[in-house]
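Please find below a briefing on one protein model, arranged by topic.

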Amino acid sequence: MKHDIQLTVNGDSYSLAIDPWRTLNQVLREDLNLTGTKLGCGSGDCGACTVIVDGRSVSSCLTLAVEVDGKAILTVEGLAPSGEKLHPIQEAFLEKGAIQCGFCTPGMDLSAYHLLSQNPKPSEEEIREGLSGNLCRCTGYNKIVEAISVSADRMNRKPSKRKRR
């Protein structure tokens with residue numbers, strides 16, 4: 001028997017009738033065509049499926065879609081909703097070479113986003129702790145940590161005020 005759920009994903013509202021056994025990852029990828037959220041291990045160990053649900057970082061492969069009924073979800077597509085300008089985290093990942101195969105990147109981006117929303121000026125140790133649920137087989141993490149540090153600095157800068165003539 002299908003369940004009716006309401007989701008707000010990246011600011012857009014959705015009403016869906018889904019089977020109760022389907023995961024949030026399946027619904028995002030298969031029903032909403034938001035394929036940036038990856039499915040890696042399927043057991044919550046790799047972090048590739050990380051999304052933000054009502055301000056909390058969750059593994060979408062372990063979360064049943066019926067559990068997030070009525071909640072707000074942010075996926076990697078929501079970091080740069082226009083598709084024209086990247087989020088500062090995404091820009092820093094590109095600039096610092098923190099992307100190799102790219103499979104872990106959406107989960108890393110969202111874990112970084114969650115970390116920086118909780119701690120805008122993390123130390124290197126705090127960044128590494130914040131990424132502890134995300135695995136990368138390519139970069140060795142140093143470039144990822146550097147990219148998050150750079151993005152934190154950029155996100156904390158106050159825009160300069162220009163004098164009008």
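Buried means under 20% relative accessible area, exposed means over 50%, and partly exposed lies in between (1.4 Å probe, protein chains only). The model is predicted, so that local features need pLDDT of at least 70 and side-chain atom pairs count only at pLDDT 80 or more, while totals for chains, interfaces and linings use all residues. Residues are numbered from 1 along each chain as its sequence is written, and side-chain values use heavy atoms, with hydrogens and water left out.

- With a relative accessibility of 35%, L86 counts as partly exposed.
- L86 belongs to the loop between α2 (76-79) and α3 (88-95); helices (H or I, at least four residues) and strands (E, at least two) are DSSP runs, numbered from the N terminus.
- Together with L94 and I99, L86 forms a nonpolar patch on the surface, with about 240 Å² of accessible area in total.
- Patches consist of residues with over 30% relative accessible area and no salt bridge, like charges being joined within 9 Å and nonpolar side chains (Val, Leu, Ile, Met, Phe, Trp, Tyr) within 5 Å.
- A salt bridge is a side-chain nitrogen of Lys or Arg within 4 Å of a carboxyl oxygen of Asp or Glu, and accessible areas come from the Shrake-Rupley method with a 1.4 Å probe, where for residues only the protein chains shown count as cover.

**The sheet**

- Five strands form an open sheet in the order β2-β1-β5-β3-β4, with mixed pairing; two strands pair if DSSP finds at least two bridges between them.
- β2 (12-18) and β4 (56-59) are the edge strands, each pairing on one side only.
- From one strand to the next, the twist averages 40°; axes are lines fitted to C-alpha atoms, for helices over the stretch in contact, and angles run from 0 to 180 degrees between N-to-C directions.
- Strand β1 (residues 3-9) runs antiparallel to β2 and is joined to β2 by seven bridges.
- Q6 has S15 as its bridge partner in β2, and L7 has Y14.
- The hairpin of β1 and β2 has two residues between the strands, and N10 takes a positive phi near 55° there.

**Helix α4 and Ala48**

- Helix α4 (residues 105-118) lies across β3 (50-53), β4 and β5 (72-74), at about 35° to β3.
- A48, in the loop between α1 (24-31) and β3, counts as buried at 4% relative accessibility.
- Apart from neighbours within four places in sequence, A48 is in contact (heavy atoms within 4.5 Å) with T37, K38, G40, F103 and G107.
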